[in-house]
Amino acid sequence: MNPVIIIPTYVGGRRRSLSDEIIGTYDHLTPITHQGELPRCLDSLRALEIDAPVILLVAAEAGIEADAANKIRSFAASFASELEIQVIDLGMASKLNDRMLKLGYGDMTEGVGLRGYGAIKNIGLLAAIVRGFTEVVFLNDDDVVTDPDFIDNALHGLGRLSPKGVPILVKSGYYTDALGSWLDLQETEWYNRFWSQGRLFNEWMDKAMSGARLSPSNILNGGCMSIQHEAFTRIPFDAWISRGEDLDYLISLMIYGGRVWFDNKFKVNHMPPAAYAEGQRFRQDIYRWIYQYRKIEYSQTLIDLYEIDVRTLDPYPGPFLDKSVSWRALATALLRTIGRPRDRQGYLKAALAVPRDARAYALEFSPRFFDFRDLWPGFITSMRNDPETQAILRGGIIEPLPDEY
């Protein structure tokens, strides 16, 4: 095995701003003037002497890309004597974009880059493929690794067959909070009566945590997941989903005949900063769930793909993948305008997105993933064998700070 750890990090301007963008709006942007959580994550890897290279993917708001890259390189340099760290920034991504165009893969540029959760993960996969890594372990920049056997647990079972002969190619671990709990906050307030996401997630987790170490998974945590090369050279992430690209990867795998496995010994401590725009995040969720419903529906019109019965994904996320998700999202957004008045305008904007905008977006963009996926295997083969691409993606390795620094 030859694993690499990939960590996307998201940098914003000095002021927090709300965005109407569907792609390129992130849950937790670190202001350019703040240290953020990334150094804490890297420090946890260093403290445990994690023996795997690290790739940092720098996603930044427009206009601050160079400053964001310099900031992340500075952080990385302070850890580079103990960790091998590569930084992929907009400059490198632009060179890759130019190379893709010259090789005749202009149609792939939207899905491989540093804008949008799915495209960001895809540029990480491309880097791993070109550099010859056979397993990818994704972390969030606000994760803290506390398990000294983290890499062993991340790789446990990958590439092997289950007792029933099913290949184990993708695994999800789980998050714990500062108190060591894996449970989500249960949304029991009256305004969430149609949106019991936390309760249903906890119901599934309780069963998974009390069962066998490896079991078929209904979830995929993007900051605690591992993928074997037979999966990531075949299935990319969906670059057109607003958020939730990790769970969407589970759906994509199922559509193409694969499965994610849950490992109840594979974990990280997830310590995100406080959310500041609840309504905006819920709006992104509305786009996400309606998009995924439409994506599954569209997949059933194509030949040679597996039909997904969303009821097999109960108790979670099945109820968020059926046709009722639209009216339940609308009802919840409207109820939250009353129940969460501090972000009334955000929830009202979320409600207005449901009847027209979110559905129209899903109808237009969900078919693009399938064309992108069909091109992916040939695309990565061409990029992997291209000397100029190799030169680009073997750069960006951070040198340690001099002793006198």
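Arginine 356 and aspartate 357 form a salt bridge, with the closest N and O atoms 3.1 Å apart; the term means a side-chain nitrogen of Lys or Arg within 4 Å of a carboxyl oxygen of Asp or Glu. Please note that this is a predicted model, in which local features need pLDDT of at least 70 and side-chain atom pairs count only at pLDDT 80 or more, while totals for chains, interfaces and linings use all residues. Residues are numbered from 1 along each chain as its sequence is written, and side-chain values use heavy atoms, leaving out hydrogens and water.

Arginine 356 is exposed at 63% relative accessibility, whereas aspartate 357 is partly exposed at 33%. Here buried means under 20% relative accessible area, exposed over 50%, and partly exposed in between, using a 1.4 Å probe and protein chains only.

The structure holds 24 salt bridges. One of them joins glutamate 21 to arginine 115, with the closest N and O atoms 2.7 Å apart. These two residues lie 94 residues apart, glutamate 21 in the loop between strands S1 and S2, arginine 115 in the loop between helices H3 and H4. Helices (H or I, at least four residues) and strands (E, at least two) are DSSP runs, numbered from the N terminus.

I turn now to strand S10. Eight of the eleven residues in S10, residues 260–270, are buried. Strand S7 pairs with S10 in the parallel sense over six bridges; pairing requires that DSSP finds at least two bridges between two strands. Strand S8 pairs with S10 in the antiparallel sense over three bridges. Phenylalanine 262 in S10 is the bridge partner of serine 172 and of serine 215.
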